[in-house]
Amino acid sequence: MLAFLAAFFIALAITLAGLPWVRRAALALNLVDAPSQRKAHRTPMPLLGGVGIFLGAILAVLVIYRGEPEPTVFGVLLATTVVALTGLIDDYRPLPAWAKLAGQLAGFLILAAFGVRVRLPLPPVVNYAITLLWLLGITNAINFLDNMDGLSAGIAAVIASFILLLALANGQFLVAALSAALLGACLGFLRYNFPPARIFMGDVGSLFLGFLLAAMGIEPRFPDNSNFVTWMVPIFLFGLPIFDMTLVVVSRLRRGLSPNTAGRDHTSHRLVRLGFSSREAVLILYLFCGVLGMMALYITQASIVEGYLVGGIAAALALTALVWLERQWKESEGT
């Protein structure tokens with residue numbers, strides 16, 4: 001337990017101490033997010049906050065492993081570094097979508113080489129295909145979620161905390177160490193990003209967070225229950241990012257827009273349209289993510305009937321919420 005506490009506090013301290021320097025560097029290099037009509041901030045906002053998250057999490061893991069992490073952990077660190085570098089390049093000079101996907105594909109290939117993949121009772125090629133789709137989907141869902149001060153990092157912190165609990169409960173200490181370090185780094189970043197933000201994480205942060213969380217999300221094992229039920233655990237853990245991305249993609253396709261188009265049509269923006277402040281919208285989404293995390297904990301102990309009953313109810317509620325939010329948007333836009 002001391003090792004996980006050490007990982008958490010080292011990551012927290014490095015991120016808290018490093019971000020002011022990162023902020024100065026971003027301003028000096030003019031790596032800023034300029035104001036525009038679709039953005040809430042009115043002055044140029046420094047990017048590269050994700051560099052602080054990356055350094056905090058990675059250095060914390062390296063310290064507790066004394067610079068020689070286990071092969072699986074090394075593979076995860078190497079893969080996430082490749083993805084983070086892709087995001088850093090994109091922050092400096094925007095990359096086409098295919099180039100960012102290529103960086104994520106490279107990360108997947110590294111993870112596969114180190115044996116990090118879905119392990120359902122299916123042919124290996126199917127498990128690798130599911131792993132790739134999961135990594136790409138969750139990475140970009142977290143990237144999509146980076147649309148309001150404090151939102152993406154806070155949701156990542158909530159998810160990491162539940163992965164930490166699951167890993168500790170099932171004796172998976174490698175996953176627990178990564179989760180503790182990421183949780184500390186996210187909380188350190190929130191000190192400067194919670195509304196009103198003083199720095200943004202940029203793609204270097206959102207892609208790093210998304211890819212690392214996605215990799216950690218497929219690693220927990222639940223030997224006391226059946227895979228026929230526990231496959232739903234990651235779906236619940238990442239339910240909020242999945243819901244937000246689904247809502248945005250469906251909405252934009254309905255309006256004849258590319259899903260990759262930037263816009264103020266995310267779940268958080270719709271809550272603001274309903275009358276909540278930005279801070280209230282972020283806190284509400286934290287709460288929903290926490291509820292989904294508790295449901296994930298329940299699924300680990302549920303019978304097959306209980307698990308699918310809960311899963312079915314959750315899916316029905318999510319579909320209802322999606323339809324209602326899109327109808328509210330349609331009425332407000334008059335389309």
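These legends go with close-up views of a predicted model. Residues are numbered from 1 along each chain as its sequence is written, and side-chain values use heavy atoms, with hydrogens and water left out. Local features need pLDDT of at least 70 and side-chain atom pairs count only at pLDDT 80 or more, while totals for chains, interfaces and linings use all residues.

View 1. The protein has a mean pLDDT (the predictor's confidence in each residue, from 0 to 100) of 90, and 96% of its residues reach 70 or more. Helices (H or I, at least four residues) and strands (E, at least two) are DSSP runs, numbered from the N terminus.

View 2. Rings of Phe, Tyr and Trp (its six-membered ring) pair if their centres lie within 6.5 Å; planes under 30 degrees apart count as stacked, over 60 as edge-to-face and the rest as tilted. Trp134 sits in helix α5 (residues 124-145) and Phe238 in the loop between α10 (232-237) and α11 (239-254), so the pair ties together parts 104 residues apart in sequence. Trp134 is buried at 12% relative accessible area, and Phe238 is buried at 0% (buried means under 20%, exposed over 50%, partly exposed in between; 1.4 Å probe, protein chains only).

**View 3. Trp231 and Tyr308.** These two rings make a tilted pair, 6.5 Å centre to centre and 55° between the planes. Trp231 is in the loop between α9 (227-230) and α10, and Tyr308 is in helix α14 (residues 304-333), so parts 77 residues apart in sequence are tied together. Both are partly exposed: Trp231 at 40% and Tyr308 at 32%. Ring pairs link Phe228, Trp231 and Tyr308 into a cluster.

**View 4. Arginines over rings.** Arg24 lies over the face of Trp21, 4.9 Å from the ring centre. Likewise, the charged end of Arg117 sits over the ring of Tyr128, 5.1 Å from its centre. To count, NZ of Lys or CZ of Arg must be within 6 Å of the ring centre and within 35 degrees of the ring normal.
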